[in-house]
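Hi there,

Here is the structure I promised to pass on to you. Please open it beside this email and follow along.

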Amino acid sequence: MPSPATPGRTGDGSRPHRDPGSGRSPKPRPTRRRRVVRLTVLLLAAAVASSVGTYVWADTELEQGVDLGALPDRARDGKGTNYLIVGSDSRAGLSEQARKELRTGSAEGRRTDSMILLHTGANGSTMLSLPRDSWVTIPPYVRPETGRSYRAEPNKLNAAFSLGGPDLLVRAVERNTGLHVDHYAEIGFAGFVGVVDAVGGVDMCLERAVKDDNSGADLRKGCQTLDGSEALAFVRQRKQEAQGDLGRTRNQQKFLTALAEKAVTPGTLLNPAKSFPTLGAGLDTLVVDKDTDLRDLMTLFRSMRGVTGGGGRQINVPVSDPGFATSKGSAVKWDDRRARTLFAELRADRPVTLAQER
């Protein structure tokens, strides 16, 4: 039977090793498993810290240049939330070489290339495209550069943006739909191209080849990954669309939902190496309203993504005449009866009964 250990000695009678100068025995070396756990915790902490830093930086960089609360004659609040998403043809941030390569032309200022109302509520999300050539009533306005006042008049919806910028566009949308715009988000050509490239391109499956000299689109039939310049050409082209601008709006919806699908995946949002360039690429030409922050934009993208996941619909405003003759040229005339029904359903956040359009 072994003798009891002598104080200060180990069971075999030898003295334990002590750290010189400390008078204490050293701590046992961590096991391999414990070292892996510690490293994992440190990496996760670093990732979270980077993500938070990226979020704070991006939130402070947002250009909140539209004050919806200061607009007159607003539509009354409805149920759910309405986002007005605008793709402008602003060339800001594009060099002369980039303008040539993207075939954007050299027009100064900015006009709308696309307008989508995204409604979110108890019945999922509805992406409603408003053709830029829609024949609507433009509210009374004052030209910012001249100070001259103008009465309400019929014109194309795109003219509201050209004449009075985002403020007049929001007022025109509200006047003609009766829907209260809760948030405004606008992105120019450079930001659009940058975001698509930053996420590594967007996967699209085309039912036919697309070739358009005006936009520069030259895409094959079938599934492929579009880079920024290819994506911009795709959403801008309309010459090959049987329904012209209405066909283009469907392409825009299809692409935006695919972009949202890619942008809000964990591999992008939770990876600072991807989320930082994605945010940075879009912020250069992104304009939002004063009440919109980065959290609202993330909600917007998730809602668009939900449309493709069966949680919403993609539709165009009902149209009675896509080639309506006006004093301003050919325009798109809405089907007033069906449009009023649609707007009333969205305002009350009821299920949309309009036949789905793709």
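This is a predicted model: local features need pLDDT of at least 70, side-chain atom pairs count only at pLDDT 80 or more; totals for chains, interfaces and linings use all residues.

Residues are numbered from 1 along each chain as its sequence is written, and side-chain values use heavy atoms, with hydrogens and water left out.

**The whole chain**

The chain has 10 helices and 17 strands; helices (H or I, at least four residues) and strands (E, at least two) are DSSP runs, numbered from the N terminus. Of its 358 residues, 45% are buried. Here, buried means under 20% relative accessible area, exposed means over 50%, and partly exposed is in between (1.4 Å probe, protein chains only). The accessible surface comes to about 18700 Å², and carbon and sulfur atoms hold 52% of that; the areas come from the Shrake-Rupley method with a 1.4 Å probe, and for residues only the protein chains shown count as cover. A contact means heavy atoms within 4.5 Å. Among contacts with a separation of 6 or more, 67% are between residues 24 or more positions apart.

**The cores**

A nonpolar core is a set of buried Ala, Val, Leu, Ile, Met, Phe, Trp, Tyr and Cys residues joined through side-chain atoms within 4.5 Å. The largest one has 35 residues, and Leu84, Leu128, Leu130 and Leu169 touch the most other members. Two or more residues come from each of β2 (81-88), β3 (112-121), β5 (135-138), α3 (157-177) and α10 (336-347). Helix α3 contributes the most, with 10 residues. Have a look at Leu84: beyond its neighbours within four places in sequence, its contacts include Ile116, Leu169, Val173 and Tyr184. There is also a second, separate core of 21 residues, with Val196, Leu226, Ala258 and Ala263 among them.

**The disulfide**

How many disulfides does a search of the whole structure find? The search finds 1, counting a pair of cysteine sulfur atoms within 2.5 Å. The disulfide joins Cys205 to Cys223, with 1.9 Å from S to S. Cys205 sits in strand β10 (residues 202-206) and Cys223 in strand β13 (residues 222-226), 18 residues apart. The torsion about their S-S bond is about 105°, so the disulfide is right-handed. Cys205 is partly exposed at 40% relative accessible area, and Cys223 counts as exposed at 51%.

**An enclosed helix**

Why is helix α5 (residues 228-236) described as largely enclosed by the rest of the structure? Because 7 of its 9 residues are buried, including Leu232, Phe234 and Arg236.

Thr326 is in strand β16 (residues 319-326) and is buried, at 18% relative accessible area. Leaving out residues up to four places away in sequence, Thr326 touches Trp135 and Ala331. The side chain of Thr326 also makes polar contacts (N or O atoms within 3.5 Å; within protein, one must be able to donate a hydrogen and the other to accept it, and residues adjacent in sequence count only if both atoms are side-chain atoms). One reaches the backbone nitrogen of Lys328 at 3.0 Å, and another is with the backbone oxygen of Gly329 at 2.5 Å.

Thr126, in strand β4 (residues 124-129), is buried with a relative accessible area of 6%. Its contacts beyond four places in sequence include Leu117, Arg313 and Val352.

Happy exploring!
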